[in-house]
Structure formats: C-alpha cells, structure tokens
Amino acid sequence: MGGKSILRALSALVLAGTLSVAVCAAAQAASAVKVIVNNVVITSGDIAKRVAFIRLQRQRGGAEEAKQQLIDEVLKRSEIARVQQSVSTQDVDAAFARFASGNKLSPEQLGKILDQSGVGVDHFKQYIAVQMSWPRVVNFRYGNANRLSGGDLVKRMMEGGGNKPVTTEYFLQQVIFVIPESKRGAITAKRQAEANASRSQFPGCETSKAFAANYRDVSIRSLGRVLAQQLPEDWKPLVEKAGDGTTTGTRVTEKGVEYLAICKKRQVNDDTAAEIVFRAEDLGKKKSSGEDPNSAKYLEELREKARIINK
C-alpha cells in the first residue's frame, strides 16, 4: 500500500459506519518459522494475523500475499532503523487513536475489534509505524535527487504565465519540555500542562533561551527558514493556525512535549521557494496517481540485497 495514509489505507474497514468484525481462528494457530529475512523471523502466526488483516480490509489475498507483505515490511523496518527515520511510539499511538475516533470508537473498543478479528493491536500498530515512517526514508534518500535544474525551473514558471509561485516562509524555533524515557508515563501529563501554561509567557525568539532558563529541562532549537511545503505533516496545521510572533499548540513527541514559536512569517516568491513549490506539486501528483516510483525502486533494491530463506 506504499505511503498512503493509514486512514485511507484502512477505509475499507468501515461499512455503513460500522467496523466489520470477522473472527479469524487461524490467527490463534501455533506459530512455526515460515520465512527468515536478514535474520528476522516471520512465523505462521504473523502470517495468520496479516491474512486476518487483509480480510478486514475486504481485500483479496491469502497466506502467500500476506507473506510477501510481511517480507516487504521487514525490509522497510530494517532500513527505517538504519537511517534513523522512524516515527515515535507516541506518533503511532496518536494515529491509532485518530483512526478509532474517526470510526466513532475509543482506542479500547478498536483494540477489542482487532483482537477479536485475529489481527491484534500490536500487529496493527507495527503496520502503522511502517506506513508512517517509510515515506520519510524515501524522502531522505531521494529528496535532493528530485531537484529541478535551472532550465526546468524557468520552463515551469513560463507554463504558469511567467510568474514565480508565492508561498509562506516561516522562521521557527522548537521549544521542548524534555521528558526522560524512564519517566515518560509518569510525568507526561504534568509536563504537557507546564508547556501549555508557558506558551502565554513566551517572550519571542530573541530572548527565548533566557525564557527557557526559567524552566527545568527545557531546550530551545532554531529551525531556521522553513517554507509551507516543507512543514512536517504533524506540525503543519498547528503552524498554519498560529500567527506571526505566537506559538503553536503542544504535541507529545519522542523527545517530550513540544511546541513551535513563529519567529517570523511572510510571503515569498524567490527561486528556492519556486523550486520547493514545484517539487511539492510533483509529489502531490505522484501520491494521487499511486505509489511513489522512488518507493518501489528503493524497495526492489532492498529485496535484491536481502537474504530471504523460505522454510
């Protein structure tokens, strides 16, 4: 399913506003090793869960299709770890909660349905993690390779009447109320309350480091110039909603509780901005037409190098 959003990828789960529950006895079968991918084991139990997952999506495919999907995910997961482009556990949990909410369920209710169907919460969340992380890896690998030449840039501008596209330029700072991994469950709510309360006291980017010194374990990081098309999907709506000189709402991330400060915001139409706008348009076309061809090429390279043993 490539880099499609998890909500689109699983929209087939909803029929007349109700999630289908199809109990899959095969998922309860005893596990035996079926495939080894670069020393990572895929068991018959893993395959049974994926078969149940395919059925929940109202898609065709049995054990062989499930096995191939899992092989691809093992390859992707290993590469995600290698280049350190994984989303956080908190991002996955948030996506899980959004999916549940979008289907008028609590996370607990969705978990019960997944367990009853033979899929299981962990299997679903592992799928979400790969779906969310893999596009980051592809962009990390091919982002610079997609740059437009000067001639291409001029051609694109001429196609648009000779005018450079206008976009919004932000200068951002990242404010992080750090939470140690060992204390994440215990103090997250308290740290989020502190971060939310601090937003109204934020004095501006020029004196932000002095501001941070008034709080315990708060880090300030300058993100520099970021154009609207470069904003991460998780932050984009929060940044676009915030005004110049203000801060975004908070988010719980792998680092702690974060918000962004909008140091400066303005409309620009320089050559760099034009290239980024055009590249974003091209990426949007790829997404609307199907899987990014760079994703397929990348995965094929990983398959060719992989050691895959079928049992």
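Let's start with strands β5 and β8: β5 (residues 167-178) and β8 (residues 256-268) run antiparallel to each other and pair over 12 bridges. Pairing here takes at least two bridges found by DSSP between two strands. Helices and strands are themselves DSSP runs, numbered from the N terminus (helices are H or I over at least four residues, strands are E over at least two). This is a predicted model, in which local features need pLDDT of at least 70 and side-chain atom pairs count only at pLDDT 80 or more, while totals for chains, interfaces and linings use all residues. Residues are numbered from 1 along each chain as its sequence is written, and side-chain values use heavy atoms, with hydrogens and water left out.

Touching means a contact, that is, heavy atoms within 4.5 Å. The angles run from 0 to 180 degrees between N-to-C directions, with axes fitted as lines to C-alpha atoms, for helices over the stretch in contact. As for cover, 10 of the 12 residues of β5 are buried. Buried means under 20% relative accessible area, exposed means over 50%, and partly exposed is what falls in between (1.4 Å probe, protein chains only).

Cys205 sits in the loop between α8 and α9, and Cys263 in strand β8, so the bond ties together parts that are 58 residues apart in sequence. The link between Cys205 and Cys263 is left-handed, at -90° about the S-S bond. How covered are the two cysteines? Cys205 counts as buried at 17% relative accessibility, whereas Cys263 is partly exposed at 28%.

Now for another sheet. Three strands make up an open, antiparallel sheet in the order β4-β3-β9. Here β4 (40-43) and β9 (308-310) are at the edges with a single partner strand each, so one side of each has no neighbour in the sheet. From one strand to the next, the twist averages 20°. Strand β3 (residues 33-37) pairs with β4 in the antiparallel sense over four bridges, and Val35 has Ile42 of β4 as a bridge partner. Helix α2 (residues 44-56) lies across β3 and β4, at about 60° to β4. Helix α3 packs on the sheet as well, touching β3, β4 and β9, with its direction at about 35° to that of β3.

Two loop residues are worth a look for their backbone angles. Gln84, in the loop between α3 (63-83) and α4 (89-102), has a positive phi near 55° without being a glycine. Lys104, in the loop between α4 and α5 (107-117), is not a glycine either, and its phi is about 60°. Gln84 is exposed at 68% relative accessible area, and Lys104 is exposed at 74%.

Stepping back, the protein has 12 helices and nine strands. Buried residues make up 43% of its 311 residues. Among contacts with a separation of 6 or more, 74% are between residues 24 or more positions apart.

How far can you trust the details? The mean pLDDT (the predictor's confidence in each residue, from 0 to 100) is 80, with 76% of residues at 70 or more. Confidence is highest in helix α9 (residues 208-212), at a mean of 95, and lowest in strand β1 (residues 14-15), at 41. It stays under 50 over residues 1-9 and over residues 11-29. Where pLDDT is low, the predicted coordinates should not be read in detail.

Definitions and conventions
Disulfide = S-S within 2.5 Å.
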